[in-house]
Amino acid sequence: MKVTIKELVGSIKEKLSFSKVATRILKLFENDDLSSYQLAKVIAMDPVLAAYILKISNSPFYNFSGKVKTLSDAITLVGFEEIKKIVIMISAKNAFKVSDDIDRMLWEHSLAVAVGCSVINSSVGVTDDGEAYISGLLHDIGKIVFKKSQLVNYSDIFKTAYESGEEIRILEEKTFGYNHADVGGYLLKEWNFDQEIVDAVSFHHLNFTLKKTADFLKKAALINLSDFIVNNIIGLGKKEASKDYDAVNNLNSARLIGFYTDNPVGLVEDIQHKFMILATAMEG
Ligand SMILES: [Fe+2]
Ligand SMILES: [Fe+2]
C-alpha cells in the first residue's frame, strides 16, 4: 500500500522540527513596531542561536569583523532583515539534522539555492529579501522528509537521481505518486509558514510555460531559476554539472520573472562566493 503525504509527514514529526524560538522570532517580525530590545530578548532565550548570530555577524559575509560583541550590536549593525535570515538559516540547519553525505549535500544545495534566490531577487524584486532567502532555503525540505521517514527508502532514489542526472521529482512521482515539492508544501503548512512561501515551495518544479504571473508563481520561478544554477552550473545537487551558462537566460522561469544577465559567469561567481562564506560560518 502506498504511503500518503499525511502519513509520511506524520512519521517524521518527532525527528523534524522547527525551533520554537525561531518560530516566535519570525512571528515578531510580522509586527511593524518591533524594537531591537524585544528582538534581542527573544533571541537570548536560545543561547545557541544567539552565539551563531554573533558568529555570522562577525563573518566576512558582513564587513564588521570582530565589531559585533553583543546581540544589540548585531541587530543595529547587521539589521533586522539580515537577523531574520540568520535565524532561519540556523533553524533550518538544525531541522536538516545533517548526519550523512546525503543530508550534507541537501543542506549545501539548499543554502546555495537560498543565496541564489537572494542574489537574483535583488535584481528582479519578486519579493522581499528575507522571503526569497527562506523559500530558497526550505524549497527541498520535502526531500528531508522522505529521507528521515522510515516508511520509505529514499536513499536509493536519491543516489539514482544523483548519479544519472535524472530528475528526482520524476522518480519520486513514479514511486510515491507525489514529489518532494508536494511534501515540502504540506510540511511548511503544518509548520504555519506563510501561504506565499508554502505555494512557492509547492510549485518550484512547474515548467513555467504558463502565461500566468500570480505572485506565488513568480516566487516559485525564482526558486526554480536559482535551483537550476546551483544544480547545473555550480554542481551542488548533480554529479555532472553541464556548465551551460547560456541556458540561464533562456529558462522559462527566468523569463517569467523578467530576469536577464549579460554576465552569467559573474552571477554564478557571486552566488558561489557568498555561499562559501556562509557555509564556512555555519560549520561547527
Ligand atoms: Fe526541488
Ligand atoms: Fe533543489
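The protein has 17 helices and zero strands, where helices (H or I, at least four residues) and strands (E, at least two) are DSSP runs numbered from the N terminus. Its radius of gyration is 18 Å, close to the 19 Å that the globule rule gives for 284 residues, so the protein is as compact as a globular protein of that length. The radius is taken over C-alpha atoms, and the globule rule is 2.2 Å times the number of residues to the power 0.38.

This is a predicted model, in which local features need pLDDT of at least 70, side-chain atom pairs count only at pLDDT 80 or more, and totals for chains, interfaces and linings use all residues. Residues are numbered from 1 along each chain as its sequence is written, while chains are lettered from A and ligands numbered from 1 in the order in which they are written.

Along the principal axes, the C-alpha atoms fill a box of roughly 50 × 45 × 35 Å. Buried residues make up 44% of the 284; a residue is buried if 20 or more other C-beta atoms lie within 10 Å of its own, exposed if 12 or fewer, and partly exposed in between, with C-beta atoms placed from the backbone. Of the contacts between residues at least 6 apart in sequence, 61% join residues at least 24 apart, a contact being two C-beta atoms, placed from the backbone, within 7 Å.

Two loop residues deserve a look at the backbone. Most residues other than glycine have a negative phi. N192, in the loop between α12 (180-190) and α13 (195-202), has a positive phi near 65°. N192 is exposed, with 11 other C-beta atoms within 10 Å. K243 sits in the loop between α14 (215-234) and α15 (247-250), and its phi is also positive, near 55°. K243 counts as exposed, with 12 C-beta neighbours inside 10 Å.
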